[in-house]
Amino acid sequence: MKVLLAVSHVPDTTSKIRFVNKDSEFDKTDIQYIISPFDELALTRLLQIKEQIGGMHITAVTVGGADVDPTIRKALAIGADDAVRVDAEPTDALFVARQIAEVFKNGEFDFVMTGKESIDFTGNQVGEMVAEFLNIPSVASAASLELNGNIATIIREIDGGKEVIETPMPFVTSGQKGIAKEPRIPNMRGIMMARKKPLNVVPAVEQAAHTKVVKFTMPESRGACKMIDADNPAELIRLLHEEAKVL
Amino acid sequence: MDFNLSEEHLMIQKAARDFARTELLPGVIERDDNAIKPIEQIKRMQELGFMGMMVDPKYGGGGMDTISYVLAMEEISKVDSSASVMMSVNNSLVCWGLENYGTEAQKQKYLVPLASGKAIGAFALSEPEAGSDATKQHTIAKDMGDHYVVNGIKNWITNGSDSQYYIVIAHTHPEKGHKGINAFIIEKDTPGFTVGPHENKMGMRGSHTHALMFQDCKVPKENRIGDDGFGFKFAMNTLNGGRIGIAAQALGIGQGALDLAIQYSKERKAFGKEIGHHQAIAFKLADMHTEMEAARLLIHKAAWLKDQHKDYGMAGAIAKYHAAEAAMHVTTEAVQIHGGYGYVKEYHVERLMRDAKLTQIYEGTSEIQQIVISRGLLRD
Ligand SMILES: Cc1cc2nc3c(=O)[nH]c(=O)nc-3n(C[C@H](O)[C@H](O)[C@H](O)COP(=O)(O)OP(=O)(O)OC[C@H]3O[C@@H](n4cnc5c(N)ncnc54)[C@H](O)[C@@H]3O)c2cc1C
């Protein structure tokens with residue numbers, strides 16, 4: 001079985017976010033990059049399945065310049081078997097999805113897995129777009145994934161309950177929290193082997209971006225938390241009424 | 001000169017940090033309190049390859065450099081130095097000694113399981129009456145032709161009850177002084193070998209330290225490491241490298257306490273502001289950071305020299321001396337910054353302070369490091 005796992009290269013969650021060029025670009029100075037945590041969880045789940053059923057080959061795919069190689073090699077260190085980097089700046093979700101779909105077509109893969117969203121732009125759409133390009137089923141935000149022969153059973157969390165979906169291969173699914181408990185820590189051998197695993201760089205296919213970033217703004221700061229004495233509910237009501245104006 | 005860590009170094013550092021946070025931190029206070037060994041955690045460290053990091057992959061190790069090892073050691077020691085001392089003994093004393101001085105047969109039989117996480121080892125040099133002065137070995141290994149018979153007591157042995165294999169230093173020719181000492185590999189189940197109860201310690205209470213008793217213990221000749229009489233040199237050479245690991249342990253303990261102190265200084269308020277805004281506390285933090293950063297650079301330099309196959313004896317002693325003293329000072333200050341909260345177990349810093357004390361004592365006390373350093377300076 002061959003699985004294509006999309007991996008994105010994102011700023012570490014503790015990064016200080018700043019913008020440059022009149023707030024039209026993210027300032028990459030001094031930023032440490034990591035694999036997007038949902039992708040890491042998806043990879044962890046695939047490795048668990050691989051250990052159960054054996055015979056699974058995991059190819060990590062990413063779209064980006066040579067600067068993302070350390071991130072994709074991290075996926076190799078954790079346990080992906082090989083990797084493909086589509087050599088282009090990831091301009092928008094559609095562009096990225098098109099590239100991943102193209103890699104899928106050229107590789108006889110059985111299914112595609114992504115993280116629910118990359119934690120930088122949190123677009124939550126690449127997986128669905130890949131499915132659309134390939135015209136195959138898509139199940140977003142999987143909280144559990146089991147494989148039985150050619151059939152995948154995926155659980156999604158929905159309002160007030162769970163939805164259990166079965167789909168035959170090929171399909172696209174995106175993993176969210178719950179797909180695996182904790183991301184897998186690479187072992188020392190894995191880290192040392194990462195450079196020895198194949199990382200194939202391929203050119204991008206033509207795909208015009210459909211969106212463009214005009215401007216970034218920071219979210220409003222949340223302000224300090226006000227502690228109110230538990231014995232003084234009247235003060236809470238007053239603040240909710242006069243300051244927060246929600247009552 | 002290049003101070004950058006490689007991609008692999010960064011991955012190792014992150015892996016060790018993540019492991020410490022997710023798997024060592026839970027329960028660390030209880031394990032220390034009740035002197036419970038981190039057995040499950042050590043198993044995981046074996047699976048992850050933390051127990052044989054520097055050993056050649058052909059013997060089951062990670063094939064990593066000393067920089068990788070000290071990075072992992074620092075991260076793990078920030079959280080649980082009971083686990084890190086078990087790691088340190090296995091990596092830098094037992095595996096290193098066997099890889100560098102063992103025969104091919106010894107490597108296949110002992111190093112492979114030790115480096116690949118299937119066995120744990122101990123290094124037994126100290127005795128009740130031979131600590132700093134390790135030449136005064138009372139344990140005797142009598143040469144019986146095709147085997148040795150070992151009698152004596154070893155004291156303070158880390159991994160004493162966890163190991164399958166023990167490297168034991170003993171005298172064969174007391175009349176030859178330190179040139180009559182040998183090192184042996186002794187298996188756990190050898191008749192005549194018993195392990196005493198563990199010591200009730202001040203710190204690193206999760207790591208158990210035992211006396212080992214040998215009574216007419218028959219050890220095959222092929223279990224001697226190196227030529228007849230090589231044992232003292234073996235022990236000293238091994239400890240030279242081990243020191244770099246203990247220095248990194250001290251650094252981790254200190255840095256762990258400093259990280260907690262910085263966080264606490266931003267949260268705790270006194271006299272209308274965060275305590276970190278009182279200059280007395282801010283300057284303490286500046287001093288602590290300076291000491292830790294100096295320790296880190298000394299350690300990385302010693303590790304680098306070792307990786308370059310240059311002489312690292314002096315550099316290792318300097319790194320260990322400074323890091324242990326700095327860790328003791330930094331952890332004590334971290335308790336001070338936490339005030340009364342620092343004195344209770346829940347806040348971690350008191351444990352780190354107790355742990356730091358040990359780094360000034362084992363693998364050569366601070367005074368012994370001063371001897372090594374000053375002898376290096378005064379040598380003609
Ligand atoms: C928890 C723990 C774990 C240990 N693990 C191991 C282990 O796994 N394997 C092992 O072999 N050993 C181990 N040790 C032993 C440790 O290495 C010794 O305790 C250490 O070398 C000091 O020896 P000592 O305790 O006999 O002290 P002593 O040598 O008696 O020293 C007492 C004091 O005198 C000072 N002193 C001694 N000689 C001089 C001198 N010439 N000049 C100035 N000052 C001097 C010392 O610095 C110290 O302050 C461990 C010890 C502890 C506490």
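Modeller: Contact here means heavy atoms within 4.5 Å. By that rule, 26 residues of domain 1 of chain B are in contact with 33 residues of domain 3 of chain B. This is a predicted model, in which local features need pLDDT of at least 70 and side-chain atom pairs count only at pLDDT 80 or more, while totals for chains, interfaces and linings use all residues. Residues are numbered from 1 along each chain as its sequence is written, chains are lettered from A in the order in which they are written, and side-chain values use heavy atoms, with hydrogens and water left out.

Colleague: What makes 7–120 domain 1 of chain B?

Modeller: The bounds come from an automatic or database domain assignment. That assignment divides chain B into domain 1 (7–120), domain 2 (122–229) and domain 3 (233–378).

Colleague: What area is buried between domain 1 and domain 3 of chain B?

Modeller: Buried area is the accessible area (1.4 Å probe) that two parts lose on being put together, summed over both. For these two domains of chain B the value is about 2,400 Å², and carbon and sulfur atoms give 61% of it.

Colleague: Why is the pair Glu74(B) and Arg296(B) called a salt bridge?

Modeller: The term requires a side-chain nitrogen of Lys or Arg within 4 Å of a carboxyl oxygen of Asp or Glu. The closest N and O atoms of Glu74(B) and Arg296(B) are 2.8 Å apart, so the pair qualifies. Between domain 1 and domain 3 of chain B the count is 3 salt bridges.

Colleague: Which salt bridge involves Arg73(A)?

Modeller: Its partner is Glu7(B), at 2.6 Å from N to O. That distance is within the 4 Å limit, so the pair is a salt bridge too. Between chain A and chain B there are 3 salt bridges. On the chain A side, α2 (69–78) and α5 (188–193) each supply at least two residues that touch chain B; helices are DSSP runs (H or I, at least four residues), and strands are runs of E (at least two), numbered from the N terminus.

Colleague: How much do the two chains bury?

Modeller: Chain A and chain B bury about 1,500 Å² between them, 65% of it on carbon and sulfur atoms. In this interface 13 residues of chain A are in contact with 21 residues of chain B.

Colleague: Why are β2(B) and β3(B) called paired?

Modeller: Two strands pair if DSSP finds at least two bridges between them. Strand β2 (residues 140–143) and strand β3 (residues 147–158) of chain B are joined by 4 bridges, so they meet the rule, and they run antiparallel. Ile140(B) stands opposite Asn151(B) in β3(B).
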